[in-house]
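Please have the sequence and the structure at hand.

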Amino acid sequence: MPFPGGLWWLLCCRQGFTLLRRDYGDGDREADGEAEEEASFELRAQGDQASLEVSLSQPTRTSSGSERSLLVSEEMRSLIVEKGPGPVEEDPDALVKGWLQREVRGGVKTPWIRPRKYWFVLTPDSLDYYSSNEKGAKRLGSLVLTSLCSVLWPDKQTYKETGYWSVTVFGRKHCYRLYSEHLNEAVRWVCAVQKVIDSKAPVQTPTQLLMRDVEEHCGSPEVLEQIYRCNPILRYTSSPLYAPLLPFPYGSLDQSAPGPRSYTTLRDEAVKLFNSLQQLESQRDPVPLIQGILQTCLDLPPLVDEIYCQLVKQTTEPPAPGGPGDLHYWQLLTCMSCTFLPSPPVLRFLRFHLDRTESRFPASEMAKYACFIREALGKTRGRECVPSLEEILVLMRRQEMVCTVHCPGAAACSVAISSHTTAEEVARELVSRLGLSQSPNLFALYEQSRLREQPVGSSTLLADVLTSLAGEEREQDAPCRLCFKHYGFLDTDNVPRDSLEFALLFEQAHEMVLRGYVPTSEETLQTLAALRLQSLNSDFSTHAPFPRLEELFPPHVLHARLPAPRPDPPPKCRGARLRAGLLAGGLWGHSLAKQRAERDQRLRGRLREEGASTMAAIVEKWKLLQGMGRPEAMAAYVALVREWPGFGSTLFDVDLRASPVGAGPQRLWLGIGAKAVSLYRPGEPEPLDSFCYGRISSFGASDSSTFRLSVEDRDLLFETSQVDEIAQLLTTYLASTAARRLPRPQEPAPSPLDPDPAVLPRGLCPVAGPWQRPPPTGSFGS
């Protein structure tokens with residue numbers, strides 16, 4: 001259908017105004033507004049020789065954008081090439097040139113509007129664009145390229161939305177978004193621009209140059225004082241910061257990274273962080289603000305050096321040394337030193353600042369913080385999470401934290417830890433404190449919550465574990481704790497009955513029974529529950545406290561007695577399904593909900609009856625244990641559990657991938673023991689198959705949810721969410737086996753703090769953390 005006359009008139013007028021604006025209006029505006037001066041007060045070429053007195057003042061901004069108080073340095077003026085109105089085609093420095101769209105005005109949605117094209121020319125120093133490629137064409141804009149510029153590759157999402165492939169070039173003050181109809185052309189421009197950027201010498205800020213000067217003249221106090229006196233950029237300031245102290249690449253951050261926060265550019269975030277630092281001076285409770293700054297540094301690691309430099313600046317010659325505001329800076333610097341390690345140049349500058357502070361203010365609070373920070377920097381490594389509010393409060397007082405570790409069958413132990421204490425150090429202390437140094441079995445710390453239990457790696461920082469458990473406890477509204485227990489059983493027959501280790505063994509065996517990992521008869525389970533009551537309360541008494549049935553008897557056994565609920569039969573025909581759908585929200589739907597509620601109530605009543613009858617049977621067996629002492633009851637309990645051949649193995653729920661095509665996975669138990677690896681059907685006492693370690697050729701993680709076990713000439717693939725735990729336990733058992741086979745040297749025993757790497761320390765589990773994946777494949781011989 002032809003367009004009406006009015007619509008044609010509107011399109012023609014719009015096209016005419018577009019051409020007039022392109023040739024006259026936009027050219028003058030862009031020539032005046034987008035002529036970019038890439039030289040900045042904070043950037044200098046790396047090859048330039050810096051004088052002793054840089055003498056830079058704090059940058060300020062004026063109300064007018066054209067009147068700036070920042071002078072362009074002479075060495076950076078050479079980067080801006082002044083080009084006259086000469087012929088564009090005759091430019092000898094042009095690397096790549098061609099037509100590109102600066103702004104997409106057409107595309108898939110409006111194909112009848114003609115896109116605006118410009119003639120782009122890439123030179124070794126800048127990216128320029130002109131109104132045309134004719135001689136004497138006017139240059140409309142220029143973007144000077146330095147080592148801090150960045151370029152983004154074309155993405156499919158923009159092509160789907162506009163029909164053009166985009167190329168984005170980030171400069172200090174401008175961002176060019178270029179568009180091309182052809183992918184090859186867009187890629188050619190990206191590669192060319194990136195090559196120019198890579199060819200540029202790295203730029204340095206005055207702060208970096210002054211850091212180098214301070215390091216070179218650290219032995220001359222007079223020269224150092226002159227540097228600090230003549231360069232206010234190194235000293236405290238109450239004015240805001242408009243540019244970062246260190247160079248950061250131009251361009252936006254990747255917002256696809258996981259995390260609840262969204263950030264802008266690194267340069268903007270550095271300026272925002274300095275504003276947050278200045279707010280610390282007047283905060284009555286600086287802990288939340290300190291934690292927020294630490295979280296930003298954890299999310300954006302490039303900002304760690306920047307924050308260190310800002311803190312050094314604000315703690316250098318403050319107006320009130322040792323005042324509340326100054327001490328807040330030192331407290332944040334203390335938390336930073338226990339969480340992040342700066343780069344070597346910044347670390348050297350920080351150590352010099354600490355020494356200078358101690359020499360100028362001896363025996364002051366600032367000197368005490370400086371001494372604490374120096375010691376912390378020698379121990380700090382990467383943290384998995386930021387310190388908790390409790391840890392920040394402890395660090396602000398330069399004290400140690402108290403960690404509570406629960407031991408099954410024994411009282412909880414309190415251990416003093418720092419931000420650098422590892423799980424191995426705590427495990428060694430507990431092994432020594434509890435008298436388990438001579439035990440052949442392995443122990444480890446465990447994270448326990450309502451939903452999971454997993455071992456803590458020996459190199460894991462315990463402060464990170466406590467922070468993670470605290471966050472998980474707030475989310476689940478359930479207690480989460482740190483527990484010390486057996487990790488691997490190498491010898492369960494020779495554990496003395498009157499030792500603490502036997503109590504740990506008894507508690508761990510009871511946990512296995514409650515989780516259903518000891519397949520036995522219901523009669524035996526009732527006997528085990530009676531022995532548990534005897535060990536807790538001694539002889540039967542009506543006044544004795546009764547634990548809940550779930551703490552004595554496996555709950556899944558009671559649920560197995562209940563009849564399986566019958567699903568509602570589906571309607572047979574389409575009309576019946578339609579009538580069922582229409583009636584679901586009416587009276588019939590309410591009737592069905594009422595029937596389900598009544599059925600659930602009957603099942604709960606039946607479950608209470610089964611529980612009452614089971615408890616009565618347990619009490620009757622308990623009465624028969626009259627006169628049995630607690631050690632005898634514990635020994636009888638462990639003896640009954642030890643009758644199962646898999647006792648001492650750690651069981652994992654896995655799905656074995658079947659080899660026949662079309663066969664589904666098979667749910668099994670994978671038992672990792674000290675001598676063999678076994679496969680069980682859940683609930684069956686005898687294993688399906690068992691493999692001694694001499695038959696296993698290799699093992700490892702095929703992917704994040706698949707564990708591979710190579711046994712002689714076949715590979716077994718198991719689907720599980722505990723790939724790391726299985727691999728770590730296998731590695732530990734193999735290391736223990738190899739250590740027992742090695743001949744013991746006739747030399748004095750090594751110190752517990754410096755064990756022989758070839759021999760596994762007794763009573764300790766040296767595994768990696770669950771998030772530290774072991775090597776993908778472990779191989780060993782028989």
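## Aromatic pairs

Two rings of Phe, Tyr or Trp count as a pair if their centres lie within 6.5 Å, with the six-membered ring used for Trp. The model discussed here is predicted. Searching the whole structure gives 14 aromatic pairs.

In the pair of Phe540 and Trp622, the ring centres are 5.3 Å apart and the planes stand at 90 degrees. Planes over 60 degrees apart count as edge-to-face, so this pair is edge-to-face. Phe540 belongs to the loop between helix H17 and helix H18, and Trp622 to helix H20, so the pair ties together parts that are 82 residues apart in sequence. Phe540 is partly exposed, at 27% relative accessibility, whereas Trp622 is buried, at 0%.

## A tilted pair and a cluster

The rings of Trp644 and Tyr680 have centres 5.4 Å apart and planes at 50 degrees, so they form a tilted pair. Trp644 sits in the loop between helix H21 and strand E15, while Tyr680 is in strand E17; the pair therefore ties together parts 36 residues apart in sequence. Trp644 is buried, with a relative accessible area of 4%, and Tyr680 is buried at 3%.

Elsewhere, Tyr118, Phe120, Tyr129 and Tyr176 are linked by ring pairs into a cluster.

## Helices H8 and H10

Helix H8 (residues 287-299) packs against helix H10 (residues 324-337) at an angle of about 40 degrees, and their axes are 11 Å apart. This makes H8 oblique to H10. Their crossing is right-handed.

From H8, Ile290, Ile293, Leu294 and Cys297 meet Leu332, Cys335 and Met336 of H10. Of the residues in this contact, seven are nonpolar, none polar and none charged.

How values were computed:
Residues numbered from 1 in each chain as written. Predicted model: local features only at pLDDT ≥ 70, side-chain atom pairs only at ≥ 80, totals over all residues. Heavy atoms only, no water. Axes fitted to C-alpha atoms, helices over the stretch in contact; angles between N-to-C directions. Helix = DSSP H or I, 4+ residues; strand = E, 2+ residues; numbered from the N terminus. Parallel < 35°, antiparallel > 145°, perpendicular 65-115°, else oblique. Left-handed = near helix turned anticlockwise from the far one by under 90°. Contact = heavy atoms within 4.5 Å. Nonpolar A, V, L, I, M, F, W, Y, C, P; charged D, E, K, R; others polar. Phe/Tyr/Trp six-rings, centres within 6.5 Å; stacked < 30°, edge-to-face > 60°. Buried < 20%, exposed > 50% of the residue type's maximum accessible area, 1.4 Å probe, protein only.
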